[in-house]
Amino acid sequence: MPRKLSSIARDWWDYTTLDDELIRAAAALTPEQMQKLSRSGFKVLLYDTLEEFYLAEALEYISAWRQSTPDNPVGICGPIGPTEQLPLVARMVNELQMSIKSAHFWGMDEWFHDGKEVPVTHPLSFERADRELCFNRIRPELVMAPENLHFPKGDTTAYRESWDGVRCAVMQGGQGDVKHWAFNDPPRREGKYEDAPPTPREYGKLATRVVDLHPLTIAQNARTSGGGNIAVVPTKAISVGPVETWKAEKVSIWHAGMHDNPFGQRLTTFMIANRIADSAVPMSLLAEHPNVQFNFYRGGIGSCEVEMH
């Protein structure tokens with residue numbers, strides 16, 4: 001029997017197609033209960049201040065890069081959203097006088113428009129944000145070589161090949177309203193997936209690719225980056241895939257409460273903790289990764305109580 005239709009976009013899969021009992025169980029979680037959902041392979045951490053939260057996120061860059069040597073290069077894959085950690089990373093590299101010349105960095109996604117990736121001159125360019133907020137601020141004698149910076153392009157060949165021979169110590173990410181990491185959105189409800197979304201095994205075979213964005217993702221990015229102007233947000237993007245994600249030794253997701261809402265933060269925590277993997281909730285597929293960490297700013301977890309505003 002086919003699952004219920006989405007409450008958001010009837011032609012797409014998303015979390016509103018889940019069983020009602022699962023949704024109720026997730027919504028009822030308190031922050032303390034969320035933290036207790038840690039298990040082997042899945043750790044839940046709470047931070048009391050934003051300063052501590054973003055410092056911890058920045059330190060993951062430092063911890064990864066300090067392991068890198070010319071003979072054993074090490075990198076980190078990082079998001080745009082959040083971005084507050086990026087200037088902290090640059091400041092720490094400079095203050096510690098830490099050479100990261102052998103280290104690597106992968107940007108995890110980029111907008112795609114008019115048949116190609118948006119240029120760095122585009123106001124929403126993720127590569128531009130990474131460079132301006134972090135790498136252009138690191139002293140030239142310390143920063144990695146340009147060829148060690150990998151940003152996804154419309155032709156994904158070079159980006160995908162860059163993952164070979166370099167150890168990715170950690171892949172960071174945020175969580176969007178549609179419960180994605182990078183732009184691994186739920187798929188359209190069409191063709192062979194009209195009655196059920198792809199299995200976790202099918203979705204897990206996806207590598208870096210150009211994707212169509214769920215309407216909720218487009219609306220969210222208009223809200224967070226475009227002043228609410230949906231018309232300026234591209235409807236496609238290039239996204240790192242599960243294939244590359246499973247090459248990362250650790251996946252670290254940072255929930256500041258700025259991007260996804262109180263319910264979404266609870267839902268994916270509950271699903272991963274209980275090993276419920278469903279591609280309508282792409283973040284839940286991390287239930288099958290061996291080393292995942294969810295990091296929460298306690299003040300951003302909020303409540304799922306229903307009240308009028």
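User: At what angle do helix H1 and H10 pack, and how far apart are their axes?

Analyst: Axes here are lines fitted to C-alpha atoms, for helices over the stretch in contact, and angles run from 0 to 180 degrees between N-to-C directions. Helix H1 (residues 20-27) packs against H10 at an angle of about 110 degrees, and the two axes are 8 Å apart. That makes H1 roughly perpendicular to H10, given that angles under 35 degrees count as roughly parallel, over 145 as roughly antiparallel, 65 to 115 as roughly perpendicular and the rest as oblique. On the H1 side the contact is made by Leu22, Ile23, Ala25, Ala26 and Ala27, and on the H10 side by Phe263, Arg266, Leu267, Phe270 and Met271, where contact means heavy atoms within 4.5 Å.

User: What should I keep in mind about the model and the element names?

Analyst: This is a predicted model, in which local features need pLDDT of at least 70 and side-chain atom pairs count only at pLDDT 80 or more, whereas totals for chains, interfaces and linings use all residues. Residues are numbered from 1 along each chain as its sequence is written, and side-chain values use heavy atoms, with hydrogens and water left out. As for the names, helices (H or I, at least four residues) and strands (E, at least two) are DSSP runs, numbered from the N terminus.

User: How is a sheet read, and in what order do the seven strands lie?

Analyst: Strands of a sheet pair through backbone hydrogen bonds, either parallel or antiparallel. Two strands are taken to pair if DSSP finds at least two bridges between them. Here seven strands form an open sheet with parallel pairing, in the order E1-E11-E10-E7-E2-E3-E6. Strand E1 (42-47) and strand E6 (149-150) are its edge strands, each pairing on one side only.

User: Is His150 buried or exposed?

Analyst: Buried means under 20% relative accessible area, exposed over 50%, and partly exposed in between (1.4 Å probe, protein chains only). His150, at 11% relative accessibility, therefore counts as buried. Leaving aside neighbours within four places in sequence, His150 is in contact with His104, Phe105, Trp106, Gly107, Tyr159 and Ser162.

User: Where is Leu286, and what does Leu286 touch?

Analyst: Leu286 is placed in the loop between H10 and E11, and at 0% relative accessibility it counts as buried. Not counting residues up to four places away in sequence, Leu286 touches Thr245, Trp246, Val251, Ile253, Ile272 and Val292.

User: How can the length of a helix such as H3 be checked?

Analyst: The expected span of a helix is 1.5 Å times one less than its number of residues. The 16 residues of H3 should therefore span 22 Å, and the end C-alpha atoms of H3 are 23 Å apart, which agrees. Helix H3 (residues 50-65) lies across several strands, including strand E2 (74-78), to which H3 runs at about 145 degrees. Among the buried residues of H3 are Ile62 and Trp65. Both are touched by Val93, a residue of helix H4 (residues 85-95) that counts as buried at 0% relative accessibility.

User: Which strands make up the antiparallel sheet?

Analyst: Four strands form an open sheet in the order E5-E4-E9-E8, with antiparallel pairing. Its edge strands are strand E5 (116-117) and strand E8 (209-212). Strand E4 (residues 109-113) and E5 pair over two bridges, and Phe112 has Glu117 in E5 as its bridge partner.
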